[in-house]
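Have the viewer ready and follow along topic by topic.

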Amino acid sequence: MKICFFHLMPYRFLPDDFEQRYRSVWVDPPHSLFDPEKCGDLYHEFLDELEFAEQAGFDGLCVNEHHNNAYGLMPSPNLMAATLTRRTSRAAIVVLGNSLAAYNPPLRVAEEFAMLDLLSRGRLVAGFPVGTSMDMNFAYGIDPATLRDRYYEAHDLVLQAWTRPEVFAFNGKYTQVRYVNIWPQPLQKPHPPVWIPGGGSVETWEWTAKLDYVYCYLSYYGYKRGKATMDGFWEAIARLGADDNPYRAGFLQLVCVADTDAEAERLYFPHVHYFYQKCLNVWEGFAEAPGYRTVKTLQTGTKPQVGAQAKKIRQSLDWQKYLDQGYVIAGSPATVRQQLTECIRSLRVGHLMVLLQIGSMPKDLVLHNTDLFAREVMPHVRDVWSGYKDRWWPAGAVAGNGQ
Amino acid sequence: MTPDDRTLDLRDGDVRFRVLSAGRGEPLVYFHSFHERGGWSPFLDRLAGRYTVHAPLHPGVQGSGGVETLDDVLDLVLAYDELLDRLGIGAAHLVGHFFGGMVAAELAATLRARATKLVLISPLGLWRDDAPSADLLILPHEDLPAVLFRDPASEVARRWATLPEGDNENVAAQIESVQRRAAMAKFVWPIPDRGLRKRLHRISAPTLVLWGDADRANPVVYAEEWQRRVKGAALSLVPGGHMVLHEAPDAAAAAVAEFLAT
């Protein structure tokens, strides 16, 4: 079992009435709410938390990419990953990832990931998300009809740039380069492990399985609601005749650990509530540009993670409902151990990513949560998948338990 | 009037047009926009009294296909060029609303001989930073009537806003709406400016710019912009909102017919 510490880097200082006064945390939240002094401090706070997670024994550190987003202050996860390469020495650096279609040419991703792989001495996991509609279609202006096509082409270019021994010409529909020949090349051979963060689209499951990549479902709605998606993924794996190695899968879960169940509510509820009510407050019109999801996926009836319908569901939530519905696994170490084991087993997930900094949670509380999780929970779930080999772990990373 | 409903394959089926046709007289081709749900309308009925009206559905919309093979506006214009050949039309009156107006203008500017006369109804395709047109592609359904119609409480607006009640029909209608908007978004995302302004001087067909005087989606300042850029273009303001064709089909059709007849 691999356990990674995931950070979204949220702005912690949105006003109390944010979700009443402003339509969206993403795409058009006004600058008047942004204090650069505070954000500078936040970056250091967040990096301290990530570095602490390595010391605490986490196997990997996850960063990701968002744009125009008050809950994700990381337009460039590569910058954060780069600083982590200097201040950590053991954990995998999991960049989840670079939205390929947004880079022009996408070779920039091949180059920067190669740099990160070298700087970290082979600890990089290369994540390639399509990117959310808010990030790609609205913040970056990419036409939804061609987004996926651009993504697939960019992926092919990056993989070829990493693996083909010769200088070659790439005549793509969206990118044409006469001399592809990136210097530097990544350290890991044939290339860093590839993880694909997805939101539950049918095509992504099959594509990921065919290419033998890790599929990561980055849901904010917990393991109970995530089960249908992960079941769909495992069915796609079975259809394609691949093995059911749990390390093919990654899943993000929000977790809060305290000395007792009651203490968990007292410590964490305001921050969890901040996350669900403010950080996920996305205007319906931005939730999904027309054409972002394919018709095939629309026909499965799944809804976007944000937007009017999701907001309506979230508004009625109190602490008990967050827990009952599995959005957050929270409570005493014993409570968390039991539910997290259920999460890992029911989703069959070998790469668990936990979100321990949630919403407005300040650093001292994050470190408390991280420390308790690492000491009281992690050792008890480490061996769940001990019979399986993780073929998708970076060669230069050493797991927190020394393996 | 029930129009004739045909599907025509071009390019060995790579592009497929569903075309609704009715009427008699000189040919007139109508290009629809995001929120007309394609198809036929009372406005087209009126025009079909004097012209042979062909209303092709945009590729990707309700039976027309192949939008994935059309990468840009030029590809789209050439597909329509081939469609006109297929319909046996040399030149026709080209009429379009909003997105369809942009398509008609592109066609008339690129292939001048195709346009006898050109009618642009609140066309898209120009951009002014000081007066952006509404982001109609993404506005939630319940917010649209107030932007599209002069009077969102009117019968026509309420009929437009009503989605089917049955679960399956409702989902199908929503998916159809997404597909329709996605197929057109490809040619105007994220800003509806593909350089048409550089081509407008080429338009040689007599042109009418028609606008709903209370258009909240595409501000009337654009009417002046179009008039300035298309030499000799006439302007007609009809009482109505952005969906003036549907709100005032008689007045709109009369204005168009008068222009085409002179």
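This is a predicted model: local features need pLDDT of at least 70, side-chain atom pairs count only at pLDDT 80 or more; totals for chains, interfaces and linings use all residues.

**Positive phi in chain B**

- B:Asp12 is not a glycine, yet its phi is positive, at about 55°.
- Because B:Asp12 has 6 C-beta neighbours inside 10 Å, it counts as exposed, the cut-off for that class being 12 or fewer.
- B:Ser122 is not a glycine either, and its phi is positive at about 45°.
- This serine belongs to the loop between β6 (115-121) and α4 (144-148) of chain B.

**Chain B as a whole**

- Nine helices and eight strands make up the secondary structure of chain B.
- The C-alpha trace of chain B spans about 45 × 45 × 35 Å along its principal axes.
- Chain B has a radius of gyration of 17 Å, which agrees with the value near 18 Å that a compact globule of 262 residues would have.
- Buried residues come to 48% of the 262 in chain B.
- Among contacts in chain B with a separation of 6 or more, 71% are between residues 24 or more positions apart.

**Helix packing in chain B**

- Helix α2 (residues 73-86) and helix α3 (residues 99-110) of chain B have axes that come within 10 Å and cross at roughly 80°.
- α2(B) and α3(B) are therefore roughly perpendicular to each other, as angles of 65 to 115 degrees fall in that class.
- On the α2(B) side, B:Val73, B:Leu76, B:Val77 and B:Tyr80 take part, and they meet B:Val103, B:Glu106, B:Leu107 and B:Thr110 of α3(B).
- By class, this contact of α2(B) with α3(B) has six nonpolar residues, one polar and one charged.

**Where chain B touches chain A**

- Contacts link 13 residues of chain B with 14 residues of chain A.
- The chain B side of this contact has 10 nonpolar residues, along with one polar and two charged.

**Helix packing in chain A**

- In chain A, helix α14 (residues 333-347) packs with helix α15 (residues 363-381) at an angle of about 45°, and their axes are 9 Å apart.
- α14(A) and α15(A) are therefore oblique to each other.
- Their crossing, that of α14(A) and α15(A), is right-handed.
- α14(A) brings A:Pro333, A:Val336, A:Arg337, A:Leu340, A:Thr341 and A:Ile344 to meet A:Leu372, A:Glu376, A:Val377, A:His380 and A:Val381 of α15(A).
- Seven of the residues in this contact of α14(A) with α15(A) are nonpolar, two are polar and two are charged.

**Cis peptide bonds in chain A**

- A:Leu96 is joined to A:Gly97 by a cis peptide bond, with omega near 0°.
- A:Gly97 lies in the loop between β3 (92-95) and α4 (107-119) of chain A.
- The peptide bond between A:Trp183 and A:Pro184 is cis too, with omega at about 0°.
- Where is A:Pro184? A:Pro184 is in the loop between β6 (176-180) and β7 (194-198) of chain A.

Notes. Residues are numbered from 1 along each chain as its sequence is written. Chains are lettered from A and ligands numbered from 1 in the order in which they are written. Two residues are in contact if their C-beta atoms, placed from the backbone, lie within 7 Å. Ala, Val, Leu, Ile, Met, Phe, Trp, Tyr, Cys and Pro count as nonpolar, Asp, Glu, Lys and Arg as charged, and the others, Gly among them, as polar. Axes are lines fitted to C-alpha atoms, for helices over the stretch in contact, and angles run from 0 to 180 degrees between N-to-C directions. Helices (H or I, at least four residues) and strands (E, at least two) are DSSP runs, numbered from the N terminus. Angles under 35 degrees count as roughly parallel, over 145 as roughly antiparallel, 65 to 115 as roughly perpendicular and the rest as oblique. The radius of gyration is taken over C-alpha atoms; the globule rule is 2.2 Å times the number of residues to the power 0.38. A residue is buried if 20 or more other C-beta atoms lie within 10 Å of its own, exposed if 12 or fewer, and partly exposed in between; C-beta atoms are placed from the backbone. A crossing is left-handed if the near helix is turned anticlockwise from the far one by less than a right angle, and right-handed if clockwise.
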